[in-house]
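Hello,

Here is the structure I said I would pass on. Please open it first; my notes follow below.

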Amino acid sequence: MSNPIDDVPIRDSMIRLGQLLKLANLVEDGVEATELIRNGLVKVNDEIDDRRGRQLHNGDTVTVNGRTVRVVAPEAD
């Protein structure tokens, strides 16, 4: 059985990985985000990603410690 995916709305069309981890309350701060990413504990779209500045767009998923969130960006005009 898979874990539920929580949607995380963002204001713009893109958000960086480190920012999303904080916004989704997956980490306490940027230092924790950096450590998790550096240690290969963060998956983007089911693949380990070690780039804190990775750009995430609508529909991208991020998994940390068994919790998955999906980026929900506003509709383009």
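Asp29 caps the N-terminal end of helix 2, with a side-chain oxygen 3.2 Å from the backbone nitrogen of Val31. Please keep in mind that this is a predicted model.

Helix 2 covers residues 30–38, and Gly30, Ala33, Leu36 and Ile37 are its buried residues. Viewed down the helix axis, these buried residues fall within an arc of 125°, so they line one face of helix 2. They pack against helix 1 (17–23), strand 3 and strand 6 (61–64). On the face turned away from the buried side, helix 2 carries the exposed residues Val31 and Arg38. Just after helix 2, Gly40 has a positive phi of about 70°.

Val27 sits in the loop between helix 1 and helix 2. Is Val27 buried or exposed? Its relative accessibility is 7%, so Val27 counts as buried. Setting aside neighbours within four places in sequence, Val27 is in contact with Leu21, Lys22, Glu32, Ala33 and Leu36. Val27 and Arg38 are 11 residues apart along the chain, and their C-alpha atoms are separated by 14 Å.

**The chain as a whole**

The chain has two helices and seven strands. Starting at the N terminus, the elements follow the order β-β-α-α-β-β-β-β-β. The radius of gyration is 12 Å, close to the 11 Å that the globule rule gives for 77 residues, so the chain is as compact as a globular protein of that length. Along the principal axes, the C-alpha atoms fill a box of roughly 40 × 30 × 20 Å.

Of the 77 residues in the chain, 35% are buried. The chain exposes about 5,200 Å², and carbon and sulfur atoms supply 44% of that area. Among contacts between residues at least 6 apart in sequence, 50% join residues at least 24 apart.

Five strands form an open sheet with mixed pairing, in the order 1-7-6-3-4. Which strands stand at the edges? Strand 1 (5–9) and strand 4 do, each with a single partner strand, so one side of each is left without a neighbour in the sheet.

As background, strands of a sheet pair through backbone hydrogen bonds, either parallel or antiparallel. Several pairs can be followed here:

- Strand 3 (residues 42–44) and strand 4 run antiparallel and are joined by two bridges. Val44 stands opposite Glu47 in this pair.
- Strand 3 and strand 6 are antiparallel, with three bridges. Lys43 has Thr63 of strand 6 as its bridge partner.
- Strand 6 and strand 7 are antiparallel, with four bridges. Thr63 stands opposite Thr68 in strand 7.

In a regular strand the side chains alternate between the two faces of the sheet. Strand 6 is covered on both faces: Thr61 and Thr63 are buried on one side, and Val62 and Val64 are buried on the other.

**Two asparagines with positive phi**

Asn45 lies in the loop between strand 3 and strand 4. Phi of Asn45 is near 50°, a positive value in a residue other than glycine. With a relative accessible area of 31%, Asn45 is partly exposed.

Asn65 is found in the loop between strand 6 and strand 7 (67–72). These two strands form a hairpin with two residues between them, and there Asn65 takes a positive phi near 50°. Asn65 is exposed, with a relative accessible area of 65%.

**Asp49**

The last item is a residue in the loop between strand 4 (47–48) and strand 5 (55–57), namely Asp49. Why does Asp49 count as buried? Its relative accessibility is 5%, and buried means under 20%. The side chain of Asp49 makes a polar contact of 2.9 Å with the side chain of Arg51. Not counting residues up to four places away in sequence, Asp49 touches Ile37, Val42, Val44 and Arg54.

Regards

Key. Residues numbered from 1 in each chain as written. Predicted model: local features only at pLDDT ≥ 70, side-chain atom pairs only at ≥ 80, totals over all residues. Heavy atoms only, no water. Buried < 20%, exposed > 50% of the residue type's maximum accessible area, 1.4 Å probe, protein only. Polar contact = N/O pair within 3.5 Å; in protein donor to acceptor, adjacent residues only side chain to side chain. Contact = heavy atoms within 4.5 Å. Pairing = 2+ DSSP bridges. Arc of directions from axis to C-beta. Rg over C-alpha atoms; globule rule 2.2 N^0.38 Å. Areas by Shrake-Rupley, 256 points an atom, 1.4 Å probe, with all protein chains shown as cover.
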